[in-house]
Amino acid sequence: MEQYAIKGGNPLVGEVEIGGAKNAALPVLAASIMTDDTVYIDNLPDVRDINVMLQAMQEIGVMVRRDNRHKVTVNASNVTNLVVENEYIKKIRASYYLIGALLGKYKKAEVTLPGGCDIGCRAIDQHIKGFKALGAEVTIEHGLIKTKADKLRGAHIFMDVVSVGATINVMMAATMAEGTTIIENAAKEPHVVDLANFLNSMGASIKGAGTDVIRIKGVSSLHGTDYTIIPDQIEAGTFMLAAAVTKGDVTVKNIIPKHLESITAKLLEIGCEVEEADDCIRVVASKPLMHTQVKTQPYPGFPTDMQPQITVALALSQGTSIVTESIFENRYRYVDELTRMGANIKVEGNTAIINGVEKYTGATISVPDLRAGAALVMAALAAEGCTVVEDIYYIQRGYEDFHLKLHNLGAMIELVESERELQKFKLKIG
Ligand code: EPZ
C-alpha cells in the first residue's frame with residue numbers, strides 16, 4: 001500500500017513547473033471524439049483520472065496513441081460502442097462528459113453514473129435539464145444514464161445553479177445541434193473557456209465562454225486539431241499555499257497569473273509577498289501569517305478546490321479565521337485529521353471557525369479526497385516530526401509527481417510501499 005512518509009520543518013524553496021489542467025483535459029479528451037479526424041492534444045497531465053478517461057475512450061473503439069508522457073493522438077473514426085460502462089469509469093466524475101460528446105456526435109449515449117471525490121451531493125439535474133432542452137430523451141436505468149435524440153435542436157437554457165460540469169456537457173452536445181443554443185448563468189471557470197477554445201479550433205462556433213452567457217451556433221461536423229491544454233490553476237495554487245505554510249519561497253512556473261487572482265489576493269491578505277510575471281508567480285512567506293476570511297465561490301471567486309489548502313494555512317495563522325464553503329457541503333472531512341495534527345478548527349454547517357495554532361505535529365493520517373489530500377501533505381511539510389499519509393491514491397488522481405515536485409523544492413518526502421521502507425525513511429531522517 002503506497003503512503004507518503006514526510007518529515008516536516010523544511011521551508012519549500014525553488015521553482016516548480018506546473019502541468020496541464022486536469023479539469024480542462026478531461027472534457028477536451030471527451031470532446032476529441034466528436035470528429036472522425038485525428039486530434040493531437042498536448043500538455044496533458046499524467047494523472048490517474050486522465051488515464052482512466054483514455055482507457056474508457058479506448059474501450060468504445062477510439063484509437064489513442066501516447067506520443068509522450070504529456071501528448072496523445074486521438075482518432076475516433078471507428079467508435080463501435082455508445083455504451084460506456086466499466087469499473088474504473090464509475091470512479092471519475094468526468095466520465096459524464098462522454099454523454100455530451102457522444103450525444104452531440106451520435107445522438108445517443110449510455111454512460112455509467114459518475115462517482116468522483118465524495119465531497120457532497122453532486123447532482124446532475126442541470127445536465128439532464130440541458131440535454132432535454134436540446135430535444136434528447138434522458139432516463140436513468142440500472143446505474144446508466146441513457147440519452148438519445150432523433151436530432152438535437154438549439155435551445156435557450158437557464159442553469160438554476162452555476163455548474164462547471166453541466167455547462168461543459170451541454171456546450172458539447174449543443175455544438176452539434178441544429179440552430180443556436182444560449183446557456184445563461186453559465187460557469188466561467190478557465191477550463192470552460194479552454195474547452196470552448198478547443199471546440200472552436202475544431203470548427204465549432206462558441207462565443208461568450210468565460211462570461212455568464214454562452215452562445216453556440218450548431219455545426220454539422222467538426223474537424224481535427226492540434227491543441228495545448230491550459231496550465232492547472234489548482235496545482236499552481238496548491239504550491240503557492242505550500243510556500244506560505246512552510247514559510248518558503250516558491251516560484252510556480254508555466255502558469256496564467258490571471259487564473260490565480262483570488263488566491264494571490266488571499267496570500268497578500270495573510271501577509272505573504274507575491275510577485276507576478278508573465279507566466280510565473282513567486283510567493284515568499286517571511287513574516288508570521290495573519291488571519292482572514294474566505295468564502296468559496298464559482299470563478300472568479302475563491303475556488304472550492306483550494307478550500308482545504310487555505311484552511312491548512314489559516315490554521316497556522318495568528319488570530320481567528322473564518323472559511324465558508326458554499327459549493328460542496330461535505331468538504332471538511334479532512335478537518336478531523338488536521339485536528340489530530342494539532343489544528344484548532346470547529347466546523348458548523350458550511351463554516352469553519354479556525355483559531356490559529358503555532359505548529360502542527362506529525363501523525364498517521366488518512367486522505368479523504370483529492371484536494372484535502374494535497375492540503376494534508378502541506379500540513380505534514382510544516383509539522384514537527386514525522387507524518388505518514390495514507391490513501392494517497394486520491395492525490396494521484398489529480399497531481400502529477402506530487403512528492404517529486406515537493407522533494408525538488410527541498411521537502412523531506414518519500415513514497416513508501418511497505419513497513420520496511422517506512423522504517424528505512426524514519427532511520428534516515430533520524
Ligand atoms: C467540477 O466538478 C470539478 N470537477 C471539481 O473539481 C470542482 O470542485 C467543481 O467543478 C467546482 O469548481 C471536474 O472538473 C472534473 P459543479 P463538478 O457541477 O462539475 C451543484 C477536483 O478536486 N450542481 O460545478 O461536478 C453541485 O451539487 C474536483 O478537481 C447541481 O445542483 O461541479 C455543486 O453544489 C472536485 N446540479 C455545484 O452545483 C447539477 O446538475 C457545483 O458543481 C450540477 C451541479
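These are my notebook entries on a predicted model of one protein chain.

**Entry 1. The chain as a whole**

I began with the overall dimensions. The C-alpha trace of the protein chain extends over about 65 × 45 × 40 Å along its principal axes. I then compared the radius of gyration with the globule rule: a compact globule of 430 residues would come near 22 Å, and the protein chain has 22 Å, so the two agree. For secondary structure I recorded 14 helices and 24 strands.

Next I looked up burial and surface. Of the 430 residues, 57% count as buried. Among contacts with a separation of 6 or more, 72% join residues 24 or more positions apart.

**Entry 2. The nonpolar cores**

I asked which residues have the most contacts inside the largest nonpolar core. They are I41, M57, M172 and L199, in a core of 79 residues. A second, separate core has 70 residues, including I255, L316, V323 and A375. I noted the general background that nonpolar side chains tend to be buried together in soluble globular proteins.

I followed I41 further. Leaving aside residues up to four places away in sequence, I41 touches V28, L29, S32, H70, K71, V72, V74, F198, Y227 and I229.

**Entry 3. Strand β3**

I41 belongs to a strand, β3 (residues 38-42), whose side chains alternate.

Strand β5 (residues 71-75) runs antiparallel to β3 and is joined to β3 by 4 bridges; here Y40 has T73 as its bridge partner. Strand β14 (residues 225-228) pairs with β3 in the parallel sense, also over 4 bridges. In β14, T225 is the bridge partner of V39.

I turned to S321, which is found in strand β19 (residues 320-324). Is S321 buried or exposed? I recorded S321 as buried, because its relative accessibility is 0%. Its side chain reaches the backbone nitrogen of T292 at 3.1 Å. Beyond four places in sequence, S321 touches H291, T292, L314, A352, I353 and I354.

H291 was the next residue I examined, in the loop between β17 and β18. Its relative accessible area is 37%, and H291 is therefore partly exposed. H291 and S321 lie 30 residues apart in sequence, yet their C-alpha atoms are 5.0 Å apart in space. Apart from residues up to four places away, H291 touches S317, Q318, G319, T320 and S321. A polar atom of the H291 side chain lies 3.4 Å from the backbone oxygen of T320.

**Entry 4. Helix α8**

Last, I looked up which residues of helix α8 (residues 261-269) are buried. They are S262, I263, T264, K266 and L267. These buried residues pack against α7 (233-245), β16 (273-276), β17 (280-284), β18 (293-295) and α9 (307-314). Just after α8, I noted that G271 takes a positive phi of about 105°.

Notes:
Residues numbered from 1 in each chain as written. Predicted model: local features only at pLDDT ≥ 70, side-chain atom pairs only at ≥ 80, totals over all residues. Heavy atoms only, no water. Helix = DSSP H or I, 4+ residues; strand = E, 2+ residues; numbered from the N terminus. Buried < 20%, exposed > 50% of the residue type's maximum accessible area, 1.4 Å probe, protein only. Polar contact = N/O pair within 3.5 Å; in protein donor to acceptor, adjacent residues only side chain to side chain. Contact = heavy atoms within 4.5 Å. Core = buried A, V, L, I, M, F, W, Y, C linked by side-chain atoms within 4.5 Å. Pairing = 2+ DSSP bridges. Rg over C-alpha atoms; globule rule 2.2 N^0.38 Å.
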